[in-house]
Amino acid sequence: MSDSPAIDNVAGSAIPLRGINIDTDRIIPARYLKAVTFDGLGEHVFEDDRASMPNHPFSNPSYRQAAILLANENFGSGSSREHAPQALRRWGIRACVAESFSEIFRGNSLSIGLPCFTAAHSDIEFVMRCVEESPGTYLKLLVSDRTLRILDKTLTLEMPDGMRDALLNGQWDPTGMLLDRFEYVRATAADLPYVVGF
Amino acid sequence: MGKTLLEKVWNTHTVRTLPTGQTQLFIGLHLIHEVTSPQAFDMLRSCGAKVAFPERTYATVDHIVPTLDQSRPFADALAERMMAALERNCAEYGIRFSDLTTEHQGIVHVIGPELGLTQPGMTIACGDSHTSTHGAFGAVAFGIGSSQVRDVLASQCLAIDPLKIRRITVDGALGPGVYAKDVILEIIARLGVTGGVGYAYEYGGSAIDAMTMDERMTICNMSIEGGARIGYVNPDAITFEYIKGRLFAPSGDAFDRATAWWSSMASDADSSYDDEVVIEGAAIEPRVTWGIHPGQSVGVQGRIPDPGDVEGAERASVREAIEFMGFKAGTPISGTKIDVAFVGSCTNSRLSDLREASRVVRGHKVAGGVKALVVPGSKAVRLAAEREGLDQIFEDAGFEWRGAGCSMCLAMNPDRLNGREVCASSSNRNFKGRQGSPTGRTLLMSPAMVAAAALAGEVTDVREMMSRRTDP
């Protein structure tokens, strides 16, 4: 079992998605969970929101090449479906920057190598405006120093140390790491009364 | 300084600190279902791993199960494919599976406790955000994604960061017609849908202590709706009494040794918390959601809020919600017409939920034009309800009596809203499109309130409905 590749920088244009509490049912409606793989999810991302909002950014051709998703508070709340970050990644998203994320969404994103940074409201607002005025604006995210570079500015982002290290060390797919000292796993299990039948 | 249950369970299940600084946490019980596991098994195959502890994983089928005709193959070819994949994966890896042919099938968060699989002091993971339900037993239980399902299958472990802990004390007695559902909707309204991010919630206080296990499960179930991935209640005599005699519960002397260990895992009286909140139980009213997330609720005597009264980013959110729901600011929530009434879901589909709804329904009729259905959480709940004659009470009133599954909570089976229908629902999420129609509208409330709405054809205060009946 090989380690996953290290992820440090993500660069490209961004797509601004305004609004708080955008839940995973909106990112990918449950009817697309009727499948045994994640294939093809990218084309259905935000499908119902796009149908009801003619100006939805995911329907705007100016943002079609975007690699970075910009969002507000509590992005990815609700269901634990990994289908949500999988759909975003299959659409082309390579990193997310939001005011805050639901924990499960952020953990799921990490486990598929999709870095999720948080940033202050004022910084998100600034970047969203730049991108809305000029959709091709080039952004560069660095996991190592937790920064976002845009135009002549460098903004400070946040990401928990564990997530940062997992991305930088190529350990965001942790299966290999979890199996690495399997004797410790057996020892922990053997100490649990319910595992050994009380 | 004492330790909380969270700290004790975390410590006993910590395998080691990973090179990333995350904790490698051993998972005592892994529950799987048909929606989030097939991809995990495929990943497992492609990385050449085995299932490390097949006896510590248990499977059932719930999300895609039709509640009318359950004959195989299912009419929906995609559902059939998912079912077949789970059957094949369980057979190949030697995982126990409560499929539709067994009497143990049901919603994963209903059958785990029912079978005695869920026990205090355990770590429990499942590819489903409502795994927090199992915290009612004093387990540390949380939802995960499919890649993490793969990790648990391969290693019985997860790489995870520690959480802070908030104590939520609900004191006093709840009023008549006020239920656990109302308590958790009140908590979420008070602390917000992001209030729990980064926290586990410990629920206690005299109102929680007095609750049955079914009620505690309703509370813990919706922790995630408040942003808390984990919610738990310390185990006590009510917990042990519930577990005793269940299929996978320890028995005889082992049960006594188990209760001693379970008791020792409860939070110590001198534990410290990162935050504490106290809520007065007697002040809680039956609640109804008016918006598009579970934090947007009011007491049944309340009114739709005015976006103008709300500050900051929340204002746009309230405006969006009111627009989507077709409400007018300032109008009472009571009197909102409904098209569908749904009693079911992992939040409120247990026997006591059906009993409370049937008490409201008995001898009355569903209002004209309302489609009403009861979907028991498990086959065992369905059978127990039928033994008490609840099915007859519901059917006489005009409710449909269905097979067990997730059903209209998220509409991955044929049960769904059409167009802009309004549904009085005992489920957990009122997100846009949640119940299967992109424009469908959901009003979350307790099963008794759903029953009252079904009879009245509109949102109504179940307390008034019941007191009118007893008036001379």
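## Close-up views of a predicted two-chain model

**View 1. Strand pairing between β1 and β2 of chain B.** B:R16 has B:Q24 of β2(B) as its bridge partner. The coordinates are those of a predicted model. Strand β2 of chain B covers residues 23-26, and three bridges join it to β1(B) in the antiparallel sense. Strands of a sheet in general pair through backbone hydrogen bonds, in either a parallel or an antiparallel manner.

**View 2. The contact between chain A and chain B.** Chain B contributes 67 residues to the contact, and chain A contributes 57 residues. On the side of chain B that touches chain A, helix α5 of chain B (residues 146-155) gives the most, with seven residues. By residue class, that side of chain B consists of 30 nonpolar, 25 polar and 12 charged residues.

**View 3. The two domains of chain B and where they meet.** Chain B is split into domain 1 (5-275) and domain 2 (287-470). The domain centres, taken over C-alpha atoms, are separated by 25 Å. Contacts between the domains of chain B involve 36 residues of domain 1 and 38 residues of domain 2. On the domain 1 side, the elements of chain B that give two or more residues are α4 (108-114), α6 (180-191) and α8 (213-221). Of the elements on this side, α6(B) gives the most, with six residues. The domain 1 residues that touch domain 2 of chain B divide into 14 nonpolar, 14 polar and eight charged.

View 4. The largest nonpolar core holds 156 residues. B:A341, B:A424, B:V450, B:A451, B:A453 and B:A454 have the most contacts inside this core. Helix α15 of chain B (residues 447-456) supplies the largest share of the core, nine residues. Domain 1 (5-275) and domain 2 (287-470) of chain B each provide at least three residues to the core. Leaving aside residues up to four places away in sequence, B:A454 touches B:A341, B:V366, B:A367, B:V370, B:A372 and B:A424.

**View 5. Chain A on its own.** Eight helices and eight strands make up the secondary-structure elements of chain A. The C-alpha trace of chain A spans about 65 × 40 × 30 Å along its principal axes. Of the 198 residues in chain A, 49% are buried. Among contacts in chain A with a separation of 6 or more, 71% are between residues 24 or more positions apart.

Methods: Residues are numbered from 1 along each chain as its sequence is written. Chains are lettered from A and ligands numbered from 1 in the order in which they are written. This is a predicted model: local features need pLDDT of at least 70, side-chain atom pairs count only at pLDDT 80 or more; totals for chains, interfaces and linings use all residues. A nonpolar core is a set of buried Ala, Val, Leu, Ile, Met, Phe, Trp, Tyr and Cys residues joined through C-beta atoms within 7 Å. A residue is buried if 20 or more other C-beta atoms lie within 10 Å of its own, exposed if 12 or fewer, and partly exposed in between; C-beta atoms are placed from the backbone. Helices (H or I, at least four residues) and strands (E, at least two) are DSSP runs, numbered from the N terminus. Domain bounds come from an automatic or database domain assignment. Two residues are in contact if their C-beta atoms, placed from the backbone, lie within 7 Å. Two strands pair if DSSP finds at least two bridges between them. Ala, Val, Leu, Ile, Met, Phe, Trp, Tyr, Cys and Pro count as nonpolar, Asp, Glu, Lys and Arg as charged, and the others, Gly among them, as polar.
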